[in-house]
Amino acid sequence: MPRSDATEPTHLPPFERVVADHGPTVLRVCRALLGPTDADDAWSETFLAALRAYPALRPGSNIEAWLVTIAHRKAIDVHRLRGRAPVPTEIVPERPATAGLPGSGDDQLWSAVAALPFTQRAVLVYHYVGGLPYAEIGAILGNSAHAARRAAADGREALRRSYHAETGSRS
């Protein structure tokens, strides 16, 4: 009786052939998305990820589209990594800067923010400090983008009232 092994991909060509057939296309996609500097690394990461997932690929799948999708995701990873990478500078400040650190600088403002209800405070912090769009904030908080916008509007209004009352400002 012949043995049936579920991990043996009888419907798929050898992975070496997949690399030979589709490697140039994936490299062109990587170069177009990332430029020549990061393209080779993204190409390699694409095929490493594809090699791990290849045995589970469904019969009849469009292998080239599948590989381009993986390359697209690897390009997104590279863009995200670039955004988090430190920027070299020739002159290092002697003391740490406090600008932009919550709780530093304007104690009255941060006290007013801390006094807000949690949802309003979270939405304002996620949007204005974290830079997240309301749709993502809604998902984080377990509600909708509309609810996040409403909480932000309510929080801003509460800040205007309390902050201006404490500082004597009229604007």
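The lining of the largest pocket comprises eight nonpolar, no polar and two charged residues, where Ala, Val, Leu, Ile, Met, Phe, Trp, Tyr, Cys and Pro count as nonpolar, Asp, Glu, Lys and Arg as charged, and the others, Gly among them, as polar. The structure is a predicted model, in which local features need pLDDT of at least 70 and side-chain atom pairs count only at pLDDT 80 or more, while totals for chains, interfaces and linings use all residues. Residues are numbered from 1 along each chain as its sequence is written, and side-chain values use heavy atoms, with hydrogens and water left out.

A pocket is an open set of points on a 1 Å grid over the protein atoms alone, where a 1.4 Å probe fits, with protein on both sides within 12 Å along at least five of seven lines; lining residues have an atom within 4 Å of a point. The largest pocket has a volume of about 250 Å³, a volume being the space filled by probe spheres set on the points, which are joined across faces, edges and corners. Its lining consists of Leu-109, Trp-110, Val-113, Leu-124, Val-125, Tyr-128, Val-129, Arg-156, Leu-159 and Arg-160. At least two lining residues come from each of α4 (107–114), α5 (118–129) and α7 (145–167), and α5 gives the most, with four.

The chain has seven helices and zero strands; helices (H or I, at least four residues) and strands (E, at least two) are DSSP runs, numbered from the N terminus. Of the 171 residues, 26% are buried, that is, under 20% relative accessible area, with exposed meaning over 50% and partly exposed in between (1.4 Å probe, protein chains only).

Helix α5 also holds Gln-120. Gln-120 has a relative accessible area of 15% and is therefore buried. Not counting residues up to four places away in sequence, Gln-120 touches Ala-151, Asp-154, Gly-155 and Ala-158, contact meaning heavy atoms within 4.5 Å.

In helix α3 (residues 63–84), the buried residues are Ile-63, Trp-66, Leu-67, Ile-70, Ala-71, Lys-74, Ala-75 and Val-78. Their cover includes α1 (15–34) and α2 (36–53).

Glu-16 lies in helix α1 and counts as exposed, at 61% relative accessibility. The C-alpha atoms of Glu-16 and Leu-51 are separated by 9.7 Å, with the two residues 35 apart along the chain.
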